Amino acid sequence: MPRKLLLPLAAAAAVLAAGTAWWLAGGEEETSAPAVASAALPATSSTLPAAPNAASGASPHIPDPLLTPALLRTFEQMLDGSQARDKEGLMAEMRAKIDKYLPPEWRVRALGLLERYIDYRTALEALPAASIGDPAGLRRILDARAGIRSRYFAPEEVEGLFGAEEKFDRFSVEKLEIERNANLTPEQKRQALAKTEETWLTPEQRADRTASVAQLAVGEQTAALEARGASPQERFEERSKQYGHEAAQRLAALDQQEQDWQGRLSRYAAADEAARAQLQAALFTPQEALRLQAALEMRAADAKKKAAAPP
């Protein structure tokens with residue numbers, strides 16, 4: 001059974017750039033690569049919490065440490081690359097490798113969940129493709145997916161394994177519906193979005209979303225400043241008005257780092273092949289060198305786009 005990568009409702013659940021922007025929050029960050037005005041996405045880890053003392057599971061009043069989204073990420077890692085041709089062969093592979101991923105006291109429960117997860121994933125393949133332009137269709141898919149989950153998992157399993165994803169997907173669909181509602185004024189949309197965030201997102205998710213929106217705004221402002229050739233002083237004044245003095249200082253530092261990076265890239269790009277090896281060692285750290293080729297390709301693509309643009 002060749003593995004089929006499942007991305008349920010991928011269009012509606014597109015990640016909203018989680019992570020607090022260091023320039024806005026005032027954090028410190030070591031940068032050895034080109035400076036950018038957006039924070040890196042947090043890495044998702046499949047590391048599971050320590051197993052409970054009792055193998056039978058957790059107290060009804062305490063979240064079950066096995067039933068978390070991390071378990072599903074572990075399942076996906078286990079299934080990745082399987083060449084089994086049927087479910088029987090697939091489960092034989094999983095029984096042989098599960099102890100490498102999970103504590104032995106979770107083996108029996110986890111294998112039972114994994115077998116149902118495989119069935120659930122197969123059932124999801126019958127759902128229609130999601131379309132970002134059809135919020136009503138996305139909502140129907142969410143409802144159908146919830147029905148499939150209830151066939152394979154108990155309510156506490158659904159909440160632990162899929163609860164966070166479900167809430168974010170519901171938020172995403174409602175957000176699309178609000179944004180596409182031509183009968184709402186901008187202020188009404190703002191209020192509706194705020195209510196939707198309060199309903200579906202955790203405080204942590206709301207904080208991440210606020211930071212991501214701010215990052216997008218900074219990127220758009222920086223692009224506009226670049227387009228009109230604004231001076232460093234003009235940049236600082238506009239950013240101070242919008243984000244405050246300290247954030248403007250950090251953004252000015254990023255500008256300087258980016259300018260330095262681009263200058264080094266230009267020196268390297270202008271050199272002949274014989275001189276590039278020596279220049280690479282002199283101009284770039286080992287970490288920067290790993291990104292050097294990609295950076296040059298991006299510069300070339302940008303230059304081609306600008307040359308093709310009408311005057």
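1. Helix 5 (residues 135-152) packs against helix 6 at an angle of about 170 degrees, and the two axes lie 10 Å apart. That angle makes helix 5 roughly antiparallel to helix 6. On the helix 5 side the residues that meet helix 6 include Pro135, Leu138, Leu142, Ala146 and Tyr152, along with the charged residues Arg139, Asp143, Arg145 and Arg149. Their partners in helix 6 include Val158, Phe162, Val173 and Leu176, and also Glu165, Glu166, Asp169 and Arg170.

2. The model discussed here is a predicted one, and this should be kept in mind throughout. The secondary structure of the protein chain comes to 13 helices and zero strands, so the pattern read along the sequence is α-α-α-α-α-α-α-α-α-α-α-α-α. Of the 311 residues in the chain, 33% count as buried. The chain exposes about 18600 Å², and carbon and sulfur atoms supply 56% of that area.

3. Where is the largest nonpolar core, and which elements supply it? This core has 27 residues, and those with the most contacts inside it are Phe75, Leu113, Leu114, Tyr117 and Leu161. Two or more residues come from each of helix 2 (69-79), helix 3 (87-97), helix 4 (107-124) and helix 6 (155-179), and helix 4 gives the most, with nine residues. In soluble globular proteins, nonpolar side chains tend to be buried together. Apart from this core lies another, of ten residues, among them Trp261, Tyr268, Leu292 and Ala295.

4. Leaving out residues up to four places away in sequence, Tyr117 touches Leu72, Phe75, Glu76, Leu79, Phe153 and Phe162.

5. Helix 4 also packs against helix 6, here at an angle of about 70 degrees and with the axes 14 Å apart. That makes helix 4 roughly perpendicular to helix 6. The contact is made by Leu113, Arg116, Tyr117 and Tyr120 of helix 4, which face Glu157, Leu161 and Phe162 of helix 6.

6. Not counting residues up to four places away in sequence, Leu67 touches Arg109, Leu113, Glu156, Glu157, Gly160 and Leu161. Leu67 and Phe162 are 95 residues apart in sequence, and yet their C-alpha atoms are 9.1 Å apart in space.

7. Two residues of helix 7 (residues 186-200) can be set side by side, namely Ala192 and Glu197. Ala192 is partly exposed, with a relative accessible area of 24%, whereas Glu197 is buried, with a relative accessible area of 16%. The two values fall on opposite sides of the cut-off, because buried means under 20%. Leaving aside its neighbours within four places in sequence, Glu197 is in contact with Phe171, Arg206 and Arg209. For Ala192, the C-alpha atom is separated by 9.2 Å from that of Glu174, which is 18 residues away along the chain.

8. Which residues of helix 11 (residues 273-283) are buried? They are Arg276, Leu279 and Leu283. Seen down the axis of helix 11, these buried residues fall within an arc of 75 degrees, so they line one face of the helix. On the other side of helix 11, Ala274, Ala277, Gln278 and Ala281 are exposed. What covers the buried residues includes helix 10 (245-270), helix 12 (286-290) and helix 13 (292-308).

Technical notes
Residues are numbered from 1 along each chain as its sequence is written. This is a predicted model: local features need pLDDT of at least 70, side-chain atom pairs count only at pLDDT 80 or more; totals for chains, interfaces and linings use all residues. Side-chain values use heavy atoms; hydrogens and water are left out. Buried means under 20% relative accessible area, exposed over 50%, partly exposed in between (1.4 Å probe, protein chains only). Helices (H or I, at least four residues) and strands (E, at least two) are DSSP runs, numbered from the N terminus. The arc is that of the directions from the helix axis to the C-beta atoms. Contact means heavy atoms within 4.5 Å. Accessible areas come from the Shrake-Rupley method with a 1.4 Å probe; for residues, only the protein chains shown count as cover. A nonpolar core is a set of buried Ala, Val, Leu, Ile, Met, Phe, Trp, Tyr and Cys residues joined through side-chain atoms within 4.5 Å. Axes are lines fitted to C-alpha atoms, for helices over the stretch in contact, and angles run from 0 to 180 degrees between N-to-C directions. Angles under 35 degrees count as roughly parallel, over 145 as roughly antiparallel, 65 to 115 as roughly perpendicular and the rest as oblique.
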